[in-house]
Amino acid sequence: MFVIDDSSAVAGSDEMSEIGKFNNELKDQGHFVMAEGIKSGEQAAIFDNRGGHTKETSGSLYDISENYSGFWIIEVENDDRARSSAQSASRACNRKIELPSFLQLTPR
């Protein structure tokens, strides 16, 4: 789950407390894999070494007002549980949440 932020948003102590509670709930339920904050896209770099020609560009790939500011990796039993977790994450951090899924390349 990706946290979607705008450049003016800063998580306050109340939000950080709610995020901590949410993380503990995920851990108690056995769904937590990892979570982390991400610096703004302005501090990112893009690397392209296709064709043997290295190109490095400063900044984000996208020139928009929103960016990813954090993520959770969770392991849940089905899509309904993942959607429920995304709704809870959005409430906890008071931000929009994007819920992508991993590709299933190898059997579990």
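## The buried side of α2

In helix α2, the buried residues are Arg81, Ala82, Ser85, Ala86, Ala89, Ala92 and Cys93. Buried means under 20% relative accessible area, exposed over 50%, and partly exposed in between (1.4 Å probe, protein chains only). An α-helix has 3.6 residues a turn, so residues three or four places apart point the same way.

The face turned away from the buried side carries Asp80, Arg83, Gln87 and Arg91, which are exposed. Cover for the buried residues includes β1 (2-6), α1 (13-28), β5 (66-74) and β6 (96-98).

## Basis of the model

This is a predicted model, in which local features need pLDDT of at least 70, side-chain atom pairs count only at pLDDT 80 or more, and totals for chains, interfaces and linings use all residues. Residues are numbered from 1 along each chain as its sequence is written, and side-chain values use heavy atoms, with hydrogens and water left out.

## Length and ends of α2

Helix α2 spans residues 79-93, 15 residues in total. From its first C-alpha to its last it reaches 21 Å, close to the 21 Å expected at 1.5 Å a residue. The expected span is 1.5 Å times one less than the number of residues.

At the start of α2, a side-chain oxygen of asparagine 78 comes to within 3.1 Å of the backbone nitrogen of aspartate 80. Glutamate 77 is exposed, with a relative accessible area of 58%. Its C-alpha is 15 Å from that of methionine 1, 76 residues apart along the chain.

Asparagine 94 follows α2. This residue is found in the loop between α2 and β6. Its phi is positive, about 55 degrees, although asparagine 94 is not a glycine. Asparagine 94 is exposed, at 54% relative accessible area.

## Chain layout

The protein chain has two helices and six strands. Helices (H or I, at least four residues) and strands (E, at least two) are DSSP runs, numbered from the N terminus. Their order from the N terminus is β-α-β-β-β-β-α-β.

The C-alpha atoms fill a box of roughly 45 × 40 × 15 Å along the principal axes. Of the 108 residues, 24% count as buried. Contact means heavy atoms within 4.5 Å. Among contacts with a separation of 6 or more, 73% join residues 24 or more positions apart.

## Asparagine 23

Asparagine 23 belongs to helix α1. This residue is buried, with a relative accessible area of 15%. Leaving aside neighbours within four places in sequence, asparagine 23 is in contact with Phe32, Ala35 and Trp72.

## The largest pocket

The largest pocket holds about 950 Å³ of space. Of its 39 lining residues, the closest to the centre are Asp5, Ile38, Asn67, Tyr68 and Ser69. Two or more lining residues come from each of β1, α1, β2 (32-37), β3 (45-48) and β5. The largest share, seven residues, comes from β5.

A pocket is an open set of points on a 1 Å grid over the protein atoms alone, where a 1.4 Å probe fits, with protein on both sides within 12 Å along at least five of seven lines; lining residues have an atom within 4 Å of a point. The volume is the space filled by probe spheres set on the points, which are joined across faces, edges and corners.

Note on methods: Polar contact = N/O pair within 3.5 Å; in protein donor to acceptor, adjacent residues only side chain to side chain.
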